[in-house]
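User: Could you take me through how charges over rings and pairs of rings are read in a model?

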Amino acid sequence: MPYSLSDLASLTNEKIDSLVTQTKPGVYALDKTTGGGFQVCYVGRADTDLNRRLKDWVGKYKYFKFEYATSPKDAFEKECELWHDFGGP
């Protein structure tokens, strides 16, 4: 994977607030599994506020990784690359 996403973290409001401290665009990968390791089940992006977007997924996924982007365009390009890296056609 060309982008270095953050370390694995539990997808909770508290953990998001402690790690995603800047109001910036970004990309993320989400995991539903509880069996160990990180299995990418979903990749997405936020064009303006990564913290707020990640909170939309609390309760639906267990873990997340993220990376800030420099712009909405950068977030889109990173999301596309992640999507293809993790099973997109």
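Analyst: A charge is said to sit over a ring if NZ of Lys or CZ of Arg is within 6 Å of the ring centre and within 35 degrees of the ring normal. Here K32 lies over the face of Y61, at 5.2 Å from the ring centre, and the charged end of K65 sits over the ring of F38, 4.9 Å from its centre. This is a predicted model, in which local features need pLDDT of at least 70 and side-chain atom pairs count only at pLDDT 80 or more, while totals for chains, interfaces and linings use all residues. Residues are numbered from 1 along each chain as its sequence is written, and side-chain values use heavy atoms, with hydrogens and water left out.

User: How many aromatic pairs does the structure hold, and how is a pair of aromatic rings described?

Analyst: A pair of aromatic rings is described by the distance of the centres and the angle of the planes. Rings of Phe, Tyr and Trp (its six-membered ring) pair if their centres lie within 6.5 Å, and planes under 30 degrees apart count as stacked, over 60 as edge-to-face and the rest as tilted. The structure holds 6 aromatic pairs. For Y42 and W57 the ring centres are 4.7 Å apart and the planes stand at 45 degrees, so the pair is tilted. The rings of W57 and Y61 have centres 5.6 Å apart and planes at 75 degrees, so this pair is edge-to-face. Ring pairs link Y28, Y42, W57 and Y61 into a cluster.

User: Is W57 buried or exposed?

Analyst: Buried means under 20% relative accessible area, exposed over 50%, and partly exposed in between (1.4 Å probe, protein chains only). W57, at 15% relative accessibility, counts as buried, as does Y61 at 12%, whereas Y42 is partly exposed at 29%.
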